[in-house]
Amino acid sequence: MALMPVELCFAARASPATGTLPRRRATVRCAATAPAPMGEKTEYRDGPLERAFMGLFARKMEKYAGRKKKPGGEVEKKAVWDWDYESFVDVSRRVMVGRSRAQQQEAVREVLLSMLPPGAPEQFKKLFPPTRWACEFNAALTVLFFHWLVGPSEVVEVEVDGVKQRSGVLIKKCRYLENSGCVGMCVNMCKIPTQSFFTDEFGLPLTMNPNFEDMSCEMIYGQVPPPLEEDPVSKQPCYPNLCSISTPAAAICPKLQN
């Protein structure tokens with residue numbers, strides 16, 4: 001079923017008793033077209049709000065990727081509103097090239113920290129200690145605010161340490177993996193640094209389990225992630241028909257090994 005594109009709208013209704021308007025409330029509709037079948041790309045209709053998020057993240061990442069140059073050698077300059085998802089992914093790919101696995105993950109960590117005000121991780125730990133409520137609340141926030149980055153998702157029930165709770169997020173078909181087509185980018189530029197950021201910086205454990213068969217992904221707030229060496233993703237081969245920098249002959253994606 002196709003859904004409406006994301007939009008920021010304001011709803012105000014006069015009170016029947018007083019005839020006065022209440023204070024306006026902002027409502028973010030995080031919806032988009034249904035995910036396309038495997039092998040096809042989902043069509044997104046991004047609005048100004050989504051493009052602004054893409055631009056903010058991409059401009060921070062350019063510090064590590066280097067400014068892209070035009071054919072004449074002039075450095076390409078883009079306003080926040082000029083970015084789209086493809087150019088955002090292109091910056092991510094340029095950050096990855098020439099860096100080791102650890103260097104890629106550290107670059108993403110620095111970008112994430114640069115997006116936050118000073119002292120934010122400490123405040124997060126005070127507001128959201130690793131309780132069931134904090135895990136479920138952050139799962140709900142992920143669905144609401146990160147649709148532009150990963151695509152349609154929903155909160156699902158998961159089991160953490162023997163307890164069932166609604167702290168899971170099922171990403172139906174990850175937009176980042178779908179557009180990059182790169183296993184290494186998924187693991188090194190998203191999964192591992194995001195897990196580490198929440199677990200180590202925010203003190204809220206998070207495990208992400210991408211499914212490379214259908215490009216879905218399960219996020220489990222409250223579950224401590226395993227070391228990469230023990231994670232099934234560490235043995236994942238490239239997408240030979242989707243990734244522009246793949247190594248089809250390799251049994252395991254080379255970007256996961258260095």
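How many helices and strands are there in the chain? The chain of this predicted model holds eight helices and six strands. Read along the sequence, these elements follow the pattern β-β-α-α-α-α-α-α-β-β-α-α-β-β. The chain has 258 residues, and 44% of them count as buried. Among the contacts in the chain with a separation of 6 or more, 62% are made by residues 24 or more positions apart.

As a general point, the strands of a sheet pair through backbone hydrogen bonds, and the pairing can be parallel or antiparallel. Here, four strands form an open sheet in the order S3-S4-S6-S5, with antiparallel pairing. Strand S3 (153-160) and strand S5 (206-211) each have a single partner strand, so they stand at the edges and one side of each is left without a neighbour in the sheet. On average, neighbouring strands of this sheet are turned by 30 degrees against each other, direction ignored.

The pairings can be followed residue by residue. S3 and strand S4 (residues 163-171) are joined in the antiparallel sense over seven bridges. Within this pair, Glu159 has Lys164 in S4 as its bridge partner. Helix H5 (residues 132-145) packs on the sheet, where it touches S3, S4 and strand S6 (216-221), and the direction of H5 makes about 20 degrees with that of S4. Elsewhere in the sheet, S5 and S6 pair in the antiparallel sense over six bridges, and Met208 stands opposite Met219 in S6. Helix H8 (residues 183-201) lies across S5 and S6, running at about 160 degrees to S5.

The next topic is how the helices pack on one another. Two packed helices are described by the angle between their axes and the distance between the axes. For helix H1 (residues 48-65) and helix H2 (residues 85-96), the angle is about 25 degrees and the axes are 9 Å apart. Angles under 35 degrees count as roughly parallel, and H1 and H2 are therefore roughly parallel to each other. Their crossing is left-handed. On the H1 side the contact is made by Met54, Phe57, Ala58, Met61, Glu62, Tyr64 and Ala65, and on the H2 side by Tyr85, Phe88, Val91, Ser92, Arg94 and Val95. Sorted by class, the residues of this contact are ten nonpolar, one polar and two charged.

H1 also packs with helix H3 (residues 101-114): their axes come within 10 Å and cross at roughly 135 degrees. That angle makes H1 oblique to H3. The crossing of H1 and H3 is right-handed. Phe57, Lys60, Met61 and Tyr64 of H1 make this contact with Ala107, Glu110, Val111, Leu112 and Ser114 of H3. The classes here are six nonpolar, one polar and two charged residues.

H2, in turn, packs with H8 at an angle of about 85 degrees, with their axes 11 Å apart. Angles of 65 to 115 degrees count as roughly perpendicular, and H2 and H8 are therefore roughly perpendicular to each other. The contact involves Val89, Ser92, Arg93, Val95 and Met96 of H2 together with Gly184, Met185 and Met189 of H8. By class, this contact has five nonpolar, two polar and one charged residues.

Ser92 is found in helix H2. Is Ser92 buried or exposed? Buried means under 20% relative accessible area, so Ser92, at 1% relative accessibility, counts as buried. Leaving aside neighbours within four places in sequence, Ser92 is in contact with Met61, Tyr176, Met185 and Met189.

Not counting residues up to four places away in sequence, Tyr176 touches Tyr85, Phe88, Val89, Ser92, Leu149, Met185, Met189 and Cys190. Tyr176 and Trp148 are 28 residues apart in sequence, and 9.7 Å apart in space from C-alpha to C-alpha.

Conventions. Residues are numbered from 1 along each chain as its sequence is written. This is a predicted model: local features need pLDDT of at least 70, side-chain atom pairs count only at pLDDT 80 or more; totals for chains, interfaces and linings use all residues. Side-chain values use heavy atoms; hydrogens and water are left out. Axes are lines fitted to C-alpha atoms, for helices over the stretch in contact, and angles run from 0 to 180 degrees between N-to-C directions. Helices (H or I, at least four residues) and strands (E, at least two) are DSSP runs, numbered from the N terminus. Angles under 35 degrees count as roughly parallel, over 145 as roughly antiparallel, 65 to 115 as roughly perpendicular and the rest as oblique. A crossing is left-handed if the near helix is turned anticlockwise from the far one by less than a right angle, and right-handed if clockwise. Contact means heavy atoms within 4.5 Å. Ala, Val, Leu, Ile, Met, Phe, Trp, Tyr, Cys and Pro count as nonpolar, Asp, Glu, Lys and Arg as charged, and the others, Gly among them, as polar. Buried means under 20% relative accessible area, exposed over 50%, partly exposed in between (1.4 Å probe, protein chains only). Two strands pair if DSSP finds at least two bridges between them.
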